[in-house]
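The following paragraphs lead through the structure shown here, beginning with a single pair of residues and widening from there to the sheet and its surroundings.

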Amino acid sequence: MARVVLDISLPLDRLQALYRGHANRVQVLSRDGRQVNLPAHHLRPFVTHSGIQGSFELEFDDSGRLLALRRLA
């Protein structure tokens, strides 16, 4: 299993495009320089009134399938 750390800062106005159906994926650059293309619905548990802010660990299997997404303390 592979893991990457993502620092995400998405203000609420950018997230509204996701909820309106104008976009369904979020592209983020990981700390180690990899491009991560993540289905937006995986971020819903982390949405606050100001958007999504924080560091997250993404765990995926050898075929690139998402296994877990956790907020880091």
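Phe56 has Arg71, a residue of strand 5, standing opposite. The model that shows this pair is a predicted one, and its chain averages a pLDDT of 90, with 99% of the residues scoring at least 70. Among the elements of the chain, strand 5 carries the highest mean pLDDT, 96, while helix 1 has the lowest, 80.

Strand 5 pairs with strand 4, which spans residues 51-60, in the antiparallel sense over five bridges. The two strands form a hairpin with five residues between them, and in the turn Gly64 adopts a positive phi of about 90°. Strand 4 also pairs with strand 1, again in the antiparallel sense, here over ten bridges; within that pairing, Ser9 has Gln53 of strand 4 as its bridge partner.

Taken together, these pairings give an open, antiparallel sheet of three strands in the order 1-4-5. Strand 1 (2-11) and strand 5 (66-71) stand at the edges and have a single partner strand each, so that one side of each is left without a neighbour in the sheet. From one strand to the next, the twist averages 25°. Helix 1, residues 12-19, packs on this sheet, where it touches strand 1 and strand 4, and its direction makes about 105° with that of strand 1.

Strand 4, for its part, is mostly covered, with eight of its ten residues buried.

Methods: Residues are numbered from 1 along each chain as its sequence is written. This is a predicted model: local features need pLDDT of at least 70, side-chain atom pairs count only at pLDDT 80 or more; totals for chains, interfaces and linings use all residues. Side-chain values use heavy atoms; hydrogens and water are left out. Two strands pair if DSSP finds at least two bridges between them. Helices (H or I, at least four residues) and strands (E, at least two) are DSSP runs, numbered from the N terminus. Axes are lines fitted to C-alpha atoms, for helices over the stretch in contact, and angles run from 0 to 180 degrees between N-to-C directions. Contact means heavy atoms within 4.5 Å. pLDDT is the predictor's confidence in each residue, from 0 to 100. Buried means under 20% relative accessible area, exposed over 50%, partly exposed in between (1.4 Å probe, protein chains only).
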